[in-house]
Amino acid sequence: MGRYILIESRDPYESRDVPYFYDLAAELATQGERVTLFLVQNGALASRKDARGDLLGRVLQNEVPVLVDSFALRERGIEDSERHQSVKPAEIGSLVDLILAEGGTKVLWH
Amino acid sequence: MAKTLTICIMEPPYESANSTTSMRIIDAALQKGINVNVFAYEGAVSLTVKDQKPHPNPVHGTSVEEEKHPTTKELVAGLFELAKEKGVKLDWINCGLCVDERGAGNWIEGPRRGGPADFHKWVQESDATLVIPTK
């Protein structure tokens, strides 16, 4: 069983690539891989609970932990009350910890 | 023994949030006592160009001093300072061919010239690798 850190930096409404990346996270989890999705930059926009389209639904249904860069939330004025409660805020140092926690972790940036 | 993180960055300065996020990741790793290798590829070789100058903001009517416009060369210099302070290694390679193409060879102190073979070696030797591509 592999371990994957998927980092999404793009606005989900910017291109269809972004939902594909969410699907990749969900599919890896379905196949028994350990996956974490980390949202940075405009990727943080998907963390809003009122965002149209249930963007992270399949990811969360597959119990993929979803973290969002606290700095990106502050930059975009996304308050705690506006955030999907299953998406947890994290400092960028947490991303470093995740990347280095276990040898052989595969890190993908989109 | 300290862990080592290798990061490949490709974004030119002042282009997108990728540069800022890269710097934040490098900063966080150094703060944690982790050695960091940075392979600056393509436009990212310009991050360390010494000739960068801050500018005033005519829209806001602010001077250079008031604007405090950060340059990427200063941010990278700060990362080298941090590495020294923390007693960890920051090794920064600018891709030589990318530098030559862009005439971007006048750097601040710290980076060195190299090539993709160095990146390959780092990937094999490091605990983890992160590639941050352009869009």
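## Basis of the description

A residue is called buried if 20 or more other C-beta atoms lie within 10 Å of its own, exposed if 12 or fewer, and partly exposed in between, with C-beta atoms placed from the backbone. In strand β3 of chain A (residues 66-69), A:Val66 and A:Val68 point one way and A:Leu67 and A:Asp69 the other way, and all are buried.

The model is predicted: local features need pLDDT of at least 70 and side-chain atom pairs count only at pLDDT 80 or more, whereas totals for chains, interfaces and linings use all residues. Residues are numbered from 1 along each chain as its sequence is written, while chains are lettered from A and ligands numbered from 1 in the order in which they are written. Helices (H or I, at least four residues) and strands (E, at least two) are DSSP runs, numbered from the N terminus.

## The sheet of chain A

Chain A holds an open sheet of five strands in the order β4-β3-β2-β1-β5, with parallel pairing; two strands pair if DSSP finds at least two bridges between them. Strands β4 (87-90) and β5 (106-109) of chain A stand at the edges with a single partner strand each, so one side of each has no neighbour in the sheet. From one strand to the next, the twist averages 25°.

The pairings can be followed through the sheet. Four bridges join β3(A) to β4(A), which run parallel, and A:Asp69 has A:Ala90 of β4(A) as its bridge partner. Between β2(A) and β3(A) there are three bridges, again in the parallel sense; here A:Leu39 has A:Val68 of β3(A) as its bridge partner. Strand β1 (residues 3-8) of chain A pairs with β5(A) in the parallel sense over four bridges, and A:Lys106 in β5(A) is the bridge partner of A:Tyr4.

## Helices against the sheet of chain A

Helix α1 (residues 17-30) of chain A lies across β1 and β2 (34-39) of chain A and runs at about 165° to β1(A). Such axes are lines fitted to C-alpha atoms, for helices over the stretch in contact, and the angles run from 0 to 180 degrees between N-to-C directions.

A right-handed β-α-β unit is made by β3(A), helix α3 (residues 70-75) of chain A and β4(A). A crossover is right-handed if, with the strands pointing away from the viewer, the path from the first strand over the helix to the second runs clockwise.

## Strands and helices of chain B

Strand β3 (residues 90-95) of chain B is mostly covered, with five of its six residues buried. Strand β2 (residues 35-40) of chain B is joined to β3(B) by five bridges, and the two run parallel; B:Ala40 stands opposite B:Asn94 in β3(B). Strand β4 (residues 112-114) of chain B pairs with β3(B) in the parallel sense over three bridges, where B:Ile93 stands opposite B:Arg112. With helix α4 (residues 96-102) of chain B, β3(B) and β4(B) make a right-handed β-α-β unit.

Helices α1 (residues 17-31) and α3 (residues 72-86) of chain B pack at an angle of about 10°, with their axes 9 Å apart. That makes α1(B) roughly parallel to α3(B); angles under 35 degrees count as roughly parallel, over 145 as roughly antiparallel, 65 to 115 as roughly perpendicular and the rest as oblique. Residues making the contact include B:Met23, B:Ile26 and B:Leu30 of α1(B) and B:Leu75, B:Leu79 and B:Leu82 of α3(B).

## The interface between the chains

In the interface, 13 residues of chain A are in contact with 19 residues of chain B, two residues being in contact if their C-beta atoms, placed from the backbone, lie within 7 Å. On the side of chain A that touches chain B, α4 (92-100) and β5 of chain A each supply at least two residues, and the largest share, six residues, comes from α4(A). The residues of this side divide into eight nonpolar, five polar and no charged. Ala, Val, Leu, Ile, Met, Phe, Trp, Tyr, Cys and Pro count as nonpolar, Asp, Glu, Lys and Arg as charged, and the others, Gly among them, as polar.

The axes of α4(A) and α1(B) come within 9 Å and cross at roughly 70°. The two helices α4(A) and α1(B) are therefore roughly perpendicular to each other. Their contact is made by A:Ile92, A:Gly93, A:Leu95 and A:Val96 of α4(A) and by B:Arg24, B:Ile25, B:Ala28, B:Ala29 and B:Gln31 of α1(B).

## Positive phi in chain B

B:Tyr14 is not a glycine, yet has a positive phi of about 65°. B:Tyr14 is found in the loop between β1 (4-9) and α1 of chain B and is exposed, with 12 other C-beta atoms within 10 Å.
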